[in-house]
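User: I am new to this structure and would like to go through it step by step. Could you take my questions in turn?

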Number of protein chains: 2
Amino acid sequence: MVFARVLERHASAIERRLEALLAGNEDAPAGLDAAMRYAALGGGKRIRPFLLIESARLFGVAEDRALDAACALECVHCYSLAHDDLPAMDDDDLRRGRPTLHIAFGEATAILAGDALLTLAFEILSSPASHEDADIRAELVFNLAKAAGWRGMALGQAIDLDAERQDLNADGVAGMQALKTGALFRFACEAGAILGRASASDREKMRAYATALGQAFQLADDLLDAQGDAKAVGKAVAKDEGRGKATLVALLGVEGAKARLAALVAEAENAVAPFGSKAATLIEAARFIAERRT
Amino acid sequence: MVFARVLERHASAIERRLEALLAGNEDAPAGLDAAMRYAALGGGKRIRPFLLIESARLFGVAEDRALDAACALECVHCYSLAHDDLPAMDDDDLRRGRPTLHIAFGEATAILAGDALLTLAFEILSSPASHEDADIRAELVFNLAKAAGWRGMALGQAIDLDAERQDLNADGVAGMQALKTGALFRFACEAGAILGRASASDREKMRAYATALGQAFQLADDLLDAQGDAKAVGKAVAKDEGRGKATLVALLGVEGAKARLAALVAEAENAVAPFGSKAATLIEAARFIAERRT
């Protein structure tokens, strides 16, 4: 599949840039740097930074001009995984086929390395080295902070933790996921528009695309959890059901979830249809996300 | 003492602004907002935001123009306390005379609320509402991220955790504290200079003042821990010795530490002496910090 190769090429570029951003630190004391590198390097599909780079390209921004913002976003994603995996949170031992960060480095270092990756994201975004226009730097920081924070991803995680104690209906689950997963997807696509100085209406199209895509991604993830094979997925499966966690697959059934997934992909496609053939990669991304098996 | 009242007046202004920045959220689900308010409101001397506001005033910036940056800094400080108190870190139950955040809200919410306060700091700093000049907003974000991150406060905490396993000498302890405590003090004073568009040499004076002040603050804290009364201090005392933690008081003795404290206060005073009488409040702050009993 051609698209899978496009994604891999992007993932390599992001890996190399993250390596550079996290480099020169191997002798640092106390394992903090090593833990940050472990959490951020060597794995992941890099979907979010891919979306940022491709959204920026839609508005005429070259890949190397979007790469640092893409890496900052990935740092936030990796921090969120490290903290979500902690014993006090989701208590996961396996991630991307490897021991989770706190298993490999201990809880204290896992908490600190997560904190430091989150902080590094803002250092990267605000650095004059990442973009020469301070207005764009400040706007990216503002939007990433809102997406990741108490009205975005962090709130979604809080609701998700709480959902293990109180039942959510399908709307409640979708609302939680729109924060927990959706907020960073929306940032990815809106950041591309910010870098490309897109119009307000084009920014809105990117938000609509990202909203549908984020939901599709989460639904595909839940379907993999319900049906998947731990070895292929690289983390424990069937854990949602095991801990009575609210998912749309549990609420809608596998067939209902698949129908909703198809509708979301169509919604994502429609959102970027006005951009014509320039949006082909983003449309392929939506289809790929819905069909992924790992 | 007049200075104590100046500090209290600032603390009230900071408390009111933090209340507003954290307001309107009491009905939010999952306790995240309540935990953030618990961690950020209702206590503390607010030394760091005080230093930011007074440093800005030195360069002609009105207090209300520095207040949001001061609150952002305090959010970072409060996040660091919440995470440092966690069972996997310093495992403290008492802070400012109240149960620590994870005792009051549980570990998962304490981790998340800390994450969210850190993120909120960057949202506040980058918001057009906090300052109209994007260059200044981006520079504040860049400097705060560096101060709080993997080459600043987070590294200091990593070294400190590690120091419970391996002995540090006096230089090692001072180096650790220059990161763990000093980095946010330096940001406080440098942020004032950034807001006031100060010259590079004036920025350097502020850094020198803050470096000495941060060391003095930490040394006074360690002396309180070694000699203080838990009720007056509002947190457990003698805990450093109990856990074999490296402090300068243990390494230099009480009298040696007091002599060093006096030298640091003189160093801080000398750093801002070129500003003449305009620096009177900052000089009083250095004396107050060295003499504090709680």
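Analyst: A nonpolar core is a set of buried Ala, Val, Leu, Ile, Met, Phe, Trp, Tyr and Cys residues joined through C-beta atoms within 7 Å. Please keep in mind that this is a predicted model.

User: Of the 212 residues in the largest nonpolar core, which touch the most other members?

Analyst: Leaving aside residues up to four places away in sequence, Ala216(B) touches Leu261(B), Leu264(B), Val265(B), Ala268(B), Ala286(B), Ile289(B) and Ala290(B). Within the largest nonpolar core, which holds 212 residues, the ones that touch the most other members are Ala216(A) and Ala216(B).

User: How many nonpolar residues are in the contact of helix 9 of chain B with helix 14 of chain B?

Analyst: From helix 9 of chain B, Ala170(B), Val173(B) and Ala174(B) meet Leu248(B), Leu251(B) and Leu252(B) of helix 14 of chain B. By class, this contact has no polar and no charged residues, and the number of nonpolar residues is 6.

User: Which helix gives the most to the side of chain B that touches chain A?

Analyst: On that side, 41 residues of chain B are in contact with 41 residues of chain A. The elements of chain B that give two or more residues to this side are helix 2, helix 6, helix 7 and helix 8. The most, 13 residues, comes from helix 6 of chain B.

Technical notes
Residues numbered from 1 in each chain as written. Chains lettered and ligands numbered in written order. Predicted model: local features only at pLDDT ≥ 70, side-chain atom pairs only at ≥ 80, totals over all residues. Contact = placed C-beta atoms within 7 Å. Helix = DSSP H or I, 4+ residues; strand = E, 2+ residues; numbered from the N terminus. Nonpolar A, V, L, I, M, F, W, Y, C, P; charged D, E, K, R; others polar. Buried ≥ 20, exposed ≤ 12 C-beta atoms within 10 Å, placed from the backbone.
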